[in-house]
Amino acid sequence: MQDVLNFTDRIVDRIRSDDRILPTVTVSRGDHIYNCTERDRSVYLIKSGQVKTVMVTSSGKRCLLDLYITGDIFGELCMTDPCRVETAIAMADTEITKIPRRRLLTILEEEDLFEGFAEHLTSRLSEQQRIIVNLVTMESELRLAARLLQLSHRFGQIHQSGSTIGARLTQEELAEMVGTTRSRVGFFLKRFREAGLLESSRGWITIRNEASLADYIDERMGLSTAF
């Protein structure tokens with residue numbers, strides 16, 4: 001993980017140093033940065049704000065794939081395919097730096113970061129595989145708990161009350177992440193609050209103790225497999 005962090009820090013620092021020659025785009029909340037099937041061979045750095053990537057099925061059901069906050073890079077799949085398979089949407093007023101694919105390749109070569117980039121992509125792939133396994137093997141309540149724990153690990157801001165996920169999320173967006181309904185998410189969050197596992201208010205979620213939430217998942221998984 002440390003190598004991935006070092007890569008992210010180094011690539012972000014280099015992109016910021018090129019700020020005068022790379023285009024900066026301001027995107028209003030709810031606007032699309034790029035759309036599914038659109039040809040776009042650029043990677044993006046979030047200078048401020050919050051972005052989500054989503055896919056929509058032929059039946060109109062939405063799946064929220066991932067979240068990105070200030071300092072994150074997204075859109076890396078353009079390195080292999082010029083046609084987007086997902087849509088990127090600003091979740092708040094967001095400022096991004098657009099890095100054309102050729103420019104990114106030049107930066108990776110000049111900074112000797114190709115190995116770090118491979119590790120970065122592998123880490124993202126591993127994370128997505130864990131999410132897929134959870135979707136297949138867990139009931140919806142535990143899928144939500146596991147996803148909140150994953151988001152806390154990735155975006156958590158540690159303070160006295162616990163770890164606050166550094167991305168503001170609606171119950172509808174949480175439902176799109178774990179494949180359930182908004183009402184079920186509300187019910188599960190209430191259960192988690194009553195169990196003392198988390199606090200939530202206006203889209204901000206604080207995990208009071210990550211180990212306790214992990215134990216809750218393990219205990220419930222054990223009960224579900226005992227029958």
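**How the helices pack and where the spaces lie**

Guide: In this predicted model, helix H5, residues 171-178, packs against H6 at an angle of about 100°, and the axes of the two helices are 8 Å apart.

Visitor: Why are H5 and H6 called roughly perpendicular to each other?

Guide: The angle between H5 and H6 is about 100°, and angles from 65 to 115 degrees count as roughly perpendicular, so H5 and H6 are roughly perpendicular to each other.

Visitor: Which residues in H5 and H6 meet?

Guide: From H5 come Gln-171, Glu-172, Leu-174 and Ala-175, and they meet Arg-182, Val-185, Gly-186 and Leu-189 in H6. The residues of this contact of H5 with H6 divide into 4 nonpolar, 2 polar and 2 charged.

Visitor: What makes H4 roughly perpendicular to H6?

Guide: Helix H4, residues 140-155, and helix H6, residues 182-194, pack at an angle of about 65°, with their axes 10 Å apart. Because the range for roughly perpendicular runs from 65 to 115 degrees, that angle makes H4 roughly perpendicular to H6. The crossing of these two helices, H4 and H6, is right-handed. On the H4 side the contact is made by Ser-140, Glu-141, Leu-144, Ala-145 and Leu-148, and on the H6 side by Val-185, Phe-188, Leu-189, Arg-191 and Phe-192. Sorted by class, the contact of H4 with H6 has 7 nonpolar, 1 polar and 2 charged residues.

Visitor: How do you know that H3 is roughly antiparallel to H4?

Guide: H3 and H4 pack at an angle of about 160°, and their axes are 9 Å apart. Angles over 145 degrees count as roughly antiparallel, and therefore H3 is roughly antiparallel to H4. The crossing of H3 and H4 is right-handed. In this contact, H3 contributes Arg-124, Glu-127, Ile-131, Asn-134 and Leu-135, while H4 contributes Arg-143, Ala-146, Arg-147, Gln-150 and Arg-154. By class, the residues of the contact of H3 with H4 divide into 3 nonpolar, 2 polar and 5 charged.

Visitor: How many cavities of 30 Å³ or more does the structure hold?

Guide: The structure holds 1 cavity of 30 Å³ or more, and the largest cavity has a volume of about 40 Å³.

Visitor: What makes a residue part of the lining of the largest cavity, and which residues line it?

Guide: A lining residue has an atom within 4 Å of a point of the cavity, and Phe-7, Ile-11, Val-43, Ile-73, Glu-76, Leu-104, Phe-117 and His-120 line the largest cavity. Helix H1 (2-17) and helix H3 (114-137) each supply at least two residues of this lining. The lining of the largest cavity has 6 nonpolar, 1 polar and 1 charged residues.

Visitor: How many residues line the second largest pocket, and which of them lie nearest its centre?

Guide: The second largest pocket is lined by 27 residues, of which Asp-66, Tyr-68, Leu-77, Arg-124 and Gln-128 lie nearest its centre. About 650 Å³ of space lies in this second largest pocket.

Visitor: Which element gives the most to the lining of the second largest pocket?

Guide: H3 gives the most to the lining of the second largest pocket, with 8 residues. Strand E4 (50-56), strand E5 (62-69) and H3 each supply at least two residues of that lining. By class, the residues of the lining of the second largest pocket divide into 18 nonpolar, 4 polar and 5 charged.

Key:
Residues are numbered from 1 along each chain as its sequence is written. This is a predicted model: local features need pLDDT of at least 70, side-chain atom pairs count only at pLDDT 80 or more; totals for chains, interfaces and linings use all residues. Side-chain values use heavy atoms; hydrogens and water are left out. On a 1 Å grid over the protein atoms alone, a cavity is a set of points where a 1.4 Å probe fits but cannot get out, and a pocket is an open set with protein on both sides within 12 Å along at least five of seven lines; lining residues have an atom within 4 Å of a point. Grid points are joined across faces, edges and corners, and a volume is the space filled by probe spheres set on the points. Helices (H or I, at least four residues) and strands (E, at least two) are DSSP runs, numbered from the N terminus. Ala, Val, Leu, Ile, Met, Phe, Trp, Tyr, Cys and Pro count as nonpolar, Asp, Glu, Lys and Arg as charged, and the others, Gly among them, as polar. Axes are lines fitted to C-alpha atoms, for helices over the stretch in contact, and angles run from 0 to 180 degrees between N-to-C directions. Angles under 35 degrees count as roughly parallel, over 145 as roughly antiparallel, 65 to 115 as roughly perpendicular and the rest as oblique. A crossing is left-handed if the near helix is turned anticlockwise from the far one by less than a right angle, and right-handed if clockwise. Contact means heavy atoms within 4.5 Å.
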